[in-house]
Structures are given as structure tokens and as C-alpha cells.
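The text below walks through one structure, one part at a time. Please keep the sequence and the 3D view at hand while reading.

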There are 2 protein chains.
Amino acid sequence: MTTREECLARDARDPLAPLRDEFTLAEGEIYLDGNSLGPVSREVRRRVDQVIDEEWARGLVRSWNTAGWMDAPLRLGDRLAPLVGARAGEVLVADTLTFLLAKIIGGALELRPRRRVLLTDAANFHSDLYIAAGMARLVARGVEVRTIDRDALAAHLDEDVALVMLTHVDFRTGEMLDMAGITRAVHDAGALMLWDLAHSTGAVPVDLTGADVDFAAGCGYKYLNGGPGAPAFMYVAPRWQGVLANPLPGWLGHARPFDFEATYESAPGMRAYVTSSPSVLALGALEGALAVFERTSMAEVRTKSLALTDLFIELVDQALPGVVEVVTPRAHDRRASQVALRHPNGYGVVQALIERGVIGDFRAPDICRFGFTPLYLRYVDVYDAVAILVDVMASDAHRAPRFAVRRAVT
Amino acid sequence: MTTREECLARDARDPLAPLRDEFTLAEGEIYLDGNSLGPVSREVRRRVDQVIDEEWARGLVRSWNTAGWMDAPLRLGDRLAPLVGARAGEVLVADTLTFLLAKIIGGALELRPRRRVLLTDAANFHSDLYIAAGMARLVARGVEVRTIDRDALAAHLDEDVALVMLTHVDFRTGEMLDMAGITRAVHDAGALMLWDLAHSTGAVPVDLTGADVDFAAGCGYKYLNGGPGAPAFMYVAPRWQGVLANPLPGWLGHARPFDFEATYESAPGMRAYVTSSPSVLALGALEGALAVFERTSMAEVRTKSLALTDLFIELVDQALPGVVEVVTPRAHDRRASQVALRHPNGYGVVQALIERGVIGDFRAPDICRFGFTPLYLRYVDVYDAVAILVDVMASDAHRAPRFAVRRAVT
């Protein structure tokens, strides 16, 4: 079994170790919930101060031009693009994930007008299911949202399927899907592919270009550390730009917004999918948060992420055999940056861990989720977290939670 | 003609004068563009710091509960409600104005299923026209957006009209419409009324309850001073809550968001119209900005606003007869908190004023807009602004603008 000393030694030679200093983390706390909400980084603080004190307070309305507010959704998109294997001009940062999914779904259904099925995973995150149903209900011709077991996808890919929407990493189990293989199968069936990257971006390497993906969207507040309710992002493959219509158009997506024309005419490129001005403060925070990723690479992040989750699984296997079940796939190519443990009293387990400074979260009915973020987590944190988990499981601490039902955001 | 000394004397006895200290304003600048983007106030700074340093940095994911992030859209709605004559539980703060209009339009068209016309003002702000057309195109049955001259509204109110959408204050001219009278006429025709309050909220008293309005929405970044791209707000009359469906549903509007149910079931009340988590930083800034309004009343704000615009019009009339045209109505009941001047070289006029520290803005083809915000503007500012305008008009300064076309946000 790996010892605490070995963990400290691995931390000492970890090339990502210096990045931890960029983050504000509470003394004595081990934060394993960056898959829900990432922490504050130094550059976020600096950039928000700059937006408020210089750009807003001094520049006032002029900053729409002089401070680049007008172009921020595209500028941030270009900066984020390398994290998902996209190129400049292919990513937009704006709104929230659900609104961006609405835009893509509404637009994409029009690209396959004779097909009437939107196929998605029954285990998908619920907001994705709700907005899919909402858009299907809105659009003119009867579109059916068909929720299936994702493992049986191939059997459902018939010629009635217009769009397949899947989340790349399961929010409960942390299982990662085969983006390239599934996208190929969907294309072979003549359908379009939309990936939700909420639990992927900043956590695992993603290659949207290489996988020939049509559309993707993700959020900014999990592994990107952009802050609570941070703006989201969307990707549209170059072949669909100018083809995919924005079903929720606004003046900032107009070809000539300041001509105030009565009729909407879409701007070229990704600007077409801007609806209105997103919060400049929120964009500033996310822009600051992206800076730390420019000091490493997703390959380096992935190497450490797998080492952290391998270590966690190894220690849990050895210390708690038969006590908790590791739900997350053990195969590297099916595991993202989160490990889920199943226990009948999972809620109590998570509450007892939080009381002892190990912050994870619970997903009904019995999943304890632990996110591993290589930018600020140490090997010794993993060791200590398991030691505390062992202590919790050995005591009665997890049997009588004293809190009301906890409401964290996925 | 009112003298500068008289203006100073009026400032000395102005009950709102102390509020100016709450704002960060540049020395030597007269900011007449609060109708586009309000300035930073002290409480905004304090509240954003609190969100980042205490709630996000220390509380992390727990703050969704412990810092009230989960309820922020409703809490801010309740706080904003008195400014628009609404009561607690009738206003929601979230998203952007265009998305909130999309939700209301999409929902409201379903409430009059046998009527197929959405009536709006040809001079409405363009994003409103675009999203109306977008939603009309999305919804199942053919809905027509009919843009008319608002003065001829009565003639168009036939039994095919489902929804009338008007902006209470014209973004170009500053003309204010008769909310109660128009709403009554719309109701008499069996249609529903949606008011856009972008240029009204925080600028003029609004009485949504008294005017029996069905739906309203407005933005947070103009007279409310919530910051660039601040969250917007929407109002749904109690009689429509639980009836008006949210056509863009998300998990945070679900009756039991943390039960992760496959099927959407709307939460009761205004929570039904929450889609996803808005930026908590942006909500914090807006919450801070609302504080200053609690030290005054909209009646007091209105009294000073009319005094400021009266003074501006009086001085312009006397100093520049025949040189510029006052486009804004002179009647108090048709004037909001902005004065628009028409001049063939309006663009050059505004640029020359900006060079001299008087910040207004230009709207094509020939409108110079000046917003008057009683919270931080002094009578002497109005006097000095007109003196500088007189100087600009007397010289050639306004004939040769040296800037590229300026892009400010309405």
C-alpha cells in the first residue's frame, strides 16, 4: 500500500505543484468538489478588480470598445479553444450551458428537417433532458426526445434520428464515453452529434476537431474554475458556421448591431450565436481562471489526474474492501477526473467527511462523488482524504447526518 | 436664464446630493450616459469582494446554501420589486433581457392559442424585434410579428392579437408611453401585455400592479447601475404564475431540482422561470447596486429627474435656439429621464463633447442622447454640460470627428 511518505515524495517531484499557489484554499481542508465548483485563483481576483476599478469605473461605457468588452465572448472562446481541441473562431463564451444547448438544439433540428428524433441518454444530466424536451416542444414539427440506455445507442441510430446529444462524462459515475467512436457511428447514421462537455473541459483532453464533432457546449464553473454560475461555452464546427441558425437571436449577433436594422441578419462565424451582452464581470472572472491552464497542458493535467484517481482507487480498494463500491470505471480510457463511490448511506458518509474537512458531494440515491483537480490537489491530499474516509466508515459518524438535505450544484 | 450660481444653490439643498458620494466618478467628467451603463457604486465593490473573498473562496460549493446563492434570483427580485410597483414573489433576476423576453413571449403565445399576432412597435429596440421574430419562428403554429407605428396601436388591436410587446420608454427619443392606458386597451381587446422596462427601471416610477400589467422585463445595467451585462429581471403577474409555462426550462426551475427527475415539473411561483444558475458575481454586483435605491424613493428620484431634464431643455432652448432640436417630449407625463437632441452632425457633436469630458452617446442617424441620473448628477453638471455644448456648437469641433464609429450599448 502506498505510504504517506511516498505521497509526499511524489508531490515534491510533481511538475504541477507550483500551480497550487495560484489558488485560494482553506487551511486544513481537502477540496474534492472542483467537479462541482472550482476554487478562486489569484488571476481571477486580479482580473475582476481590473474590470471593476479600471474598465468599468474609469472607462465606463467607452470600455465596450476600448477594453474589448464587445469582443470578449469571442476572445475568451479563442483562449478556451485549445482545451477542447478546437481552433480560433470555433468557440464562443456566453450565457449558461442550458441556453447554449437550446441554441444548438433549436438550430440543429432544422438541419435534418425530415428526421424527427432527438436521441439522448436517460442518465444524462437533467437540465439537458429538460431543455431538449423544451426545444422539441417549441419547434414547429413534432420532434420526439427519445431517452435511451447509452450503451444501446447503436440499436437506436435509425434514419429518423436528427440529433444525438450525449454528455461526455457521466455526472454521477465519472464514466467517460468514446467521443470519436460514437461521433463516427452517429455520422454513419446520417445524424448530427452534440457533446455536453460540462465534466470534461479542463479535466480531460478533448479533441473536438479530431473526433469530427458537429456541436459541443460546456460550463465554466467546474474544472475551469470560472466561478459560481460562470459563463458557458459552445463550439460549432466550421462546416456548420453560417448554416446553423441561432434560434434565440439578439442584437449582438446581428451583422451590423449598431445600424439598428428592423430585420435580423446573422453576423458571420461564431458571433452569430451571441444573443445579448453577457456579464462582463463574469467573463472577466472566467478569463482570469483560464490563465493557469496556459502554464501547463491538458496532457500534463491528464497524467496527474489519472495518477490521483489511480491512487484514490488503490487506497480505497486496500483499506475498505467490500465497504464501499468503486463505481467509476477502472480503465483509464473510460475514466475522467472524478471517482464515485457507492454506499447505502452515501449521504451520511459525505456529510461526515465534510465535517472533517474533506469536501465531496452526494448524488441521490447512493453516490459519493470526489473530484480530483491536478492544478491544486496533492498526492498527500488523496492519502489524507482516504485516511479520513476510513475513520468515518469505522465509526458511527456517517450513520446520523445532522444536516438538512444538501443542495450543491452539479 | 438660470445661472450657474442658482444651480449650485439648488445642489446645496438637494436631498439626494449625499448619494453622489456612493459612486465612483471621474474628476472633471460629466457622465450623461447612465441610460446606457451606470457607474460603479461603493456597495457594488463591497458586495463583489464579499462574494469572491468570503462566499466563493471560503464557502466554496457550500455557499449555494449557506450564502443564499440558490435563492439569489428570487431574493434580488423581491428587492427590486418596489422599483417597478411589484410585490415580493413577483419578480425574478436572471439571465439577460433578451432571454427573459424569449421566455415570456414563448409562454404567452400559448395562453392565446387561437390568436396568431404579436404586435409591437416598429421603433422598438432591435433586440426585442429580433427575439420576437425568433420566437414566432420557433413556435409551432404560424405566429406573425406585426410591427406598427405605436401611435396607431388602437387600430391594430383586433381579435387576432395574442400579445402586445412595447418598450415603456423609447431608447432614442426618451418618450414615455402611457402604461396604464395602453395596458387597458390591450386587455379590452382580449390580448396580453408585455412591457420592456429597460429605460424605465430606476429612472421613472413604474406601477406594474396598478397598471394591471401581465408581464414585464428589464435590464440591470442602465439606471440600476448593476454593471456591464448585469443580470436582467422579469415580472409575471400573480394571475399568470403557474399558468405561464417556461419554454426554456432548466433544472433550477424544477419543483425538486435535487431529485434529478427525468421529467420536468415546474416549481411554483417565479422559480418556474429560473433556467440555470446565473453568475453569482454578477448577481452580487446588482445586489450591491440596488442598495442606494433603498436610501431614497422613486418619487424623490422622479422629482429631481424632471428638474434636471427641465433645466437641460430650458438652457438648450435659450442658448441654442434653432441649432439643435429637442426631440424628447416636453410634457412631464411623456418624458422619462433622458433628453435626445437632433442635429444633422449628431455623431460629431457627441464625439466633440466626449473629448471635452461630457459623456453622452449617439444613435443613428442624428440623435444625441443624454441620460440624467438623479443619484449622482448635480444641477451644476447640467449647467456645465450645456455650456460645453454651446462651445462645441459655436466652434468647428463637431464637424470633424476623429474617432471610428463608436459602439456603445443601448
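In chain B, strand E10 (residues 338–342) and strand E13 pair in the antiparallel sense over five bridges. Helices (H or I, at least four residues) and strands (E, at least two) are DSSP runs, numbered from the N terminus, and two strands pair if DSSP finds at least two bridges between them. This is a predicted model, in which local features need pLDDT of at least 70, side-chain atom pairs count only at pLDDT 80 or more, and totals for chains, interfaces and linings use all residues. Residues are numbered from 1 along each chain as its sequence is written, while chains are lettered from A and ligands numbered from 1 in the order in which they are written.

Within this pairing, B:Arg342 has B:Ile367 of E13(B) as its bridge partner. E13(B) also pairs with strand E12 (residues 361–363) of chain B, in the antiparallel sense and over three bridges. Here B:Phe362 has B:Cys368 of E13(B) as its bridge partner. Three residues lie between E12(B) and E13(B), and the two strands form a hairpin.

Is strand E13 (residues 367–371) of chain B mostly covered or mostly open? It is mostly covered, as five of its five residues are buried. A residue is buried if 20 or more other C-beta atoms lie within 10 Å of its own, exposed if 12 or fewer, and partly exposed in between, with C-beta atoms placed from the backbone. B:Ile367, B:Arg369 and B:Gly371 point one way from E13(B), B:Cys368 and B:Phe370 point the other way, and all are buried.

A residue of another category is found in helix H10 (residues 298–319) of chain B, namely B:Leu306. B:Leu306 counts as partly exposed because it has 17 C-beta neighbours inside 10 Å. Between B:Leu306 and B:Ala336 there are 30 residues of sequence separation and 8.1 Å in space, C-alpha to C-alpha.

Chain A can now be taken up. Its strands E9, E10, E13 and E12 form an open sheet of four strands in the order E9-E10-E13-E12, with antiparallel pairing. Strand E9 (325–326) and strand E12 (361–363) of chain A stand at the edges with a single partner strand each, so one side of each has no neighbour in the sheet. Strand E10 (residues 338–342) and strand E13 (residues 367–371) of chain A pair over five bridges in the antiparallel sense, and A:Ile367 in E13(A) is the bridge partner of A:Arg342. Helix H10 (residues 298–319) of chain A lies across E9, E10 and E13 of chain A and runs at about 20° to E10(A). Such angles run from 0 to 180 degrees between N-to-C directions, and axes are lines fitted to C-alpha atoms, for helices over the stretch in contact.

Chain A has another open sheet, made of seven strands in the order E2-E8-E7-E6-E5-E3-E4, with mixed pairing. Strand E2 (91–94) and strand E4 (144–148) of chain A are the edge strands, each pairing on one side only. On average, neighbouring strands of this sheet are turned by 20° against each other, direction ignored. Strand E3 (residues 117–121) of chain A and E4(A) pair in the parallel sense over five bridges, and A:Thr120 stands opposite A:Thr147 in E4(A). Helix H4 (residues 72–80) of chain A packs on the sheet, touching E2 and strand E8 (232–236) of chain A, and its direction makes about 125° with that of E2(A).

How do the two chains meet? 71 residues of chain A are in contact with 71 residues of chain B, where contact means that the C-beta atoms of two residues, placed from the backbone, lie within 7 Å. H6(A) gives the most to the side of chain A that touches chain B, with eight residues. The residues of that side divide into 46 nonpolar, 17 polar and eight charged; Ala, Val, Leu, Ile, Met, Phe, Trp, Tyr, Cys and Pro count as nonpolar, Asp, Glu, Lys and Arg as charged, and the others, Gly among them, as polar. The copies meet through the same surface, because 100% of the interface residues of chain A are also interface residues in chain B.

Helix H2 of chain A has buried residues that pack against H3 and H9 of chain A together with helix H2 (42–59) of chain B.
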